[in-house]
Amino acid sequence: MVRISIPNLPPSAGPRILSGLSVAPVPEAAAALGAFLDAGRGRTLTITGAGVSVDSGIRAYRGKEGAYSNPNYKPIFYGELVEDSARGEMFRKRYWARSFLGYPPVRDALPNPTHMYIASLQALGIAPALITQNVDNLHRKALALLEARLRTPTGDAPPPGHAAPLGPRPILELHGTLARVHCLRGGHEQTRDAFQAALGAENPAWEAAAREMEETGNKPRTNPDGDVELPGADYTTFRVPECAVCSGQRKHNSIVKPNVVFFGETLPEGVKDASFHLVEQASQLLVVGTSLATYSAFRLIKAAREQGKSVLMISQGPSRADAVDGVEKMERKAGPVLRAYLDEVVKTRTGAEVDAVRALLDAGVTRRPPDVEDSREHVQYPP
Ligand SMILES: [Zn+2]
């Protein structure tokens, strides 16, 4: 059996932390951010991680100290999910049963202020391109709000593994998106909403439990990949629907997988290439709300530095890039700094994009994740 270790953070070296700007008043930090973004001449690339989505009620894997915020959390690994065996089938039952209950809060999550600010940088052409490690679709929802205001068509990002042209405000989901699923046999894609409905139709008892959770607000703890923790639940009776296209062709046992990169899974080549391409096209990198613990994101920072490009991080907690030569970091919450910067921008600039940004600066919604000791004991899980 192959052992795969979840990446751990090295001890923080911390010599590059802009300690003054980490504790300076927000306007001072915002001015420094402004000088950085001006130097980027409209080609700054933003890279984000789980820290950006915490205010939308989506829990980060890692807390401030770089440790897993829930030490008991054991993610399902790629090799387990796709294993063609009875054991693999059990993993898939467990994954989809938990995900069936865990997905609705992620599906219904709203962009928070920081998502709106980052979308504003995109809309204003200050940092048009974005790479996110998040699979929650929230950057896309935020940008859609602004683009609806601007009445311009959106550029669709490619699904994992598929190279497609990126729009003028590209969003590359490095680890995929929960909004779609595909089958491993034929690559047939469908929306997660459609597959969610199929899961519910096959599992009426779980459907009833999901409805009760929504009505009572008794929600189990949700991890950022839409997986929930259900102590003591029995998944053996859960039925995972097959790919409808494959079964229509009388090909059975097709494995349906969400369009997200699992632990132990390599990035699709198309996504990896697109991520390096965006770094090459960028003049510099703004890194927000991430510990850069995954190598797929960390290597982009290394690539940018090798190309002689500036990297500014605004993030709380230790990061894998703290020891990378030339990376500068404000060790603080990014939202207020971005907001103070944008307040200046909308005061001094004009145009349709500025009007749209001004109108939506307050459109973000903050919702804290449920406390660790939430009410899950009171939820009745199906047998
Ligand atoms: Zn299929």
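1. In which helix does His 115 lie? In this predicted model, the residue belongs to helix H5, which spans residues 113–123. With a relative accessible area of 0%, His 115 counts as buried, because the cut-off for that term is under 20%.

2. The surroundings of His 115 include residues from other parts of the sequence. Beyond its neighbours within four places in sequence, His 115 is in contact with Val 52, Ser 53, Ser 56, Leu 138, His 139 and Ala 142.

3. Six strands make up an open sheet with parallel pairing, in the order E3-E2-E1-E7-E8-E9. The edge positions are taken by strand E3 (171–173) and strand E9 (327–330); each has a single partner strand, so one side of each is left without a neighbour in the sheet. On average, and with direction ignored, neighbouring strands of this sheet are turned by 20° against each other.

4. Within that sheet, strand E1 (residues 44–48) pairs with strand E2 (residues 129–132) in the parallel sense, over four bridges. Thr 48 has Thr 132 of E2 standing opposite. Helix H6 (residues 138–150) packs on the sheet and touches E1, E2 and E3; the direction of H6 makes about 165° with that of E3.

5. Strand E4, residues 176–183, is mostly covered, with six of its eight residues buried. E4 pairs with strand E6 (residues 256–260) in the antiparallel sense over four bridges. Pro 258 in E6 is the bridge partner of Val 181.

6. E4 also pairs with strand E5 (residues 189–191), again in the antiparallel sense but over three bridges. Here His 182 stands opposite Glu 189 in E5. The two strands E4 and E5 form a hairpin with five residues between them, and Gly 187 in the turn has a positive phi of about 70°.

7. The second largest pocket holds about 430 Å³ of space. Its lining comprises 16 residues, of which Glu 89, Arg 92, Val 240, Glu 242 and Asn 253 are the closest to the centre. Which helix gives the largest share of this lining? Helix H4 (residues 86–107) does, with four residues. By class, the lining of the second largest pocket divides into seven charged, six nonpolar and three polar residues.

How values were computed. Residues numbered from 1 in each chain as written. Predicted model: local features only at pLDDT ≥ 70, side-chain atom pairs only at ≥ 80, totals over all residues. Heavy atoms only, no water. Pairing = 2+ DSSP bridges. Axes fitted to C-alpha atoms, helices over the stretch in contact; angles between N-to-C directions. Contact = heavy atoms within 4.5 Å. 1 Å grid on protein atoms, 1.4 Å probe; cavity = no way out; pocket = protein on both sides within 12 Å on 5 of 7 lines; lining within 4 Å. Points joined across faces, edges and corners; volume = space filled by probe spheres on them. Nonpolar A, V, L, I, M, F, W, Y, C, P; charged D, E, K, R; others polar. Buried < 20%, exposed > 50% of the residue type's maximum accessible area, 1.4 Å probe, protein only.
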